[in-house]
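Hi,

Here is the structure we talked about. Please open it first, then read my notes below.

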Amino acid sequence: MSDHFFVVTGGPGAGKTSLIEELARRGLHTVPESGRAIIREETRSGGNALPWADRTAYAERMLERDLRAYRAAEALAGPVIFDRGIPDILGYLTLCRLPVPPHLATAARTLRYNRRVFLAPYWDAIFTQDAERKQSRSEAEATCAVMIEVYTGLGYDVVALPRTDIARRADFVVAQLTR
């Protein structure tokens, strides 16, 4: 287990990426979400490993990228904050009612993060859609609920982030890193 690896999870549009960017600005090691990068790559190349096309291929691409990021982060000293973790892929497949391949379930069980996982709860006031985030409000709420189930099912303690501005959310996370 990598006690210095922390995950920020939750549904789309809950402020995860903004929080990660603020933590990076403060000098912490951060790992961006793989999903958005894959969507951009697949859209540019005309690929179909997209959440609105081939969801299974999209999940496999996320796993490949997340495994590389996890391994690369092992060389970093101090806290590393991940914008989503490998268990998020389990949540994605569960939400899509797709089977979870055994190799993905094994990766989620064996490649561990700090026991405390930060949850950006669904927050209607900041939820927005864009070209890469096409989920509805109800899908965002359902995603948040599934992530709680997946992480707690894997033995993590889910800590809800306060619904407040990014600076205060970042202060909250930083304070939790030393507990």
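**What I found**

Keep in mind that this is a predicted model.

Start with Thr-9. Thr-9 sits in strand 1, which spans residues 5-10. Its relative accessible area is 1%. Thr-9 counts as buried because that value is under 20%. Beyond its neighbours within four places in sequence, Thr-9 touches Lys-16, Arg-84, Asp-88, Val-117, Phe-118, Leu-119, Ala-120, Met-147 and Tyr-151.

Arg-84 lies in the loop between strand 3 (80-83) and helix 4 (86-95). Its phi is near 80°, a positive value in a residue other than glycine. Arg-84 is buried, at 14% relative accessible area.

Now check Arg-97. Arg-97 is not a glycine, yet it has a positive phi of about 60°. This residue is in the loop between helix 4 and helix 5 (102-110). Is Arg-97 buried or exposed? Arg-97 is exposed, with a relative accessible area of 77%.

Last, the cavity. The structure holds 1 cavity of 30 Å³ or more. The space in the largest cavity is about 50 Å³. Helix 3 (55-73) and helix 5 are the elements that give two or more residues to its lining. Helix 3 gives the most, with 4 residues. The lining consists of Thr-56, Ala-59, Glu-60, Leu-63, Leu-93, Pro-99, Pro-101, His-103 and Leu-104. By class, that is 6 nonpolar, 2 polar and 1 charged residues.

Best wishes

Methods:
Residues are numbered from 1 along each chain as its sequence is written. This is a predicted model: local features need pLDDT of at least 70, side-chain atom pairs count only at pLDDT 80 or more; totals for chains, interfaces and linings use all residues. Side-chain values use heavy atoms; hydrogens and water are left out. Buried means under 20% relative accessible area, exposed over 50%, partly exposed in between (1.4 Å probe, protein chains only). Contact means heavy atoms within 4.5 Å. On a 1 Å grid over the protein atoms alone, a cavity is a set of points where a 1.4 Å probe fits but cannot get out, and a pocket is an open set with protein on both sides within 12 Å along at least five of seven lines; lining residues have an atom within 4 Å of a point. Grid points are joined across faces, edges and corners, and a volume is the space filled by probe spheres set on the points. Ala, Val, Leu, Ile, Met, Phe, Trp, Tyr, Cys and Pro count as nonpolar, Asp, Glu, Lys and Arg as charged, and the others, Gly among them, as polar.
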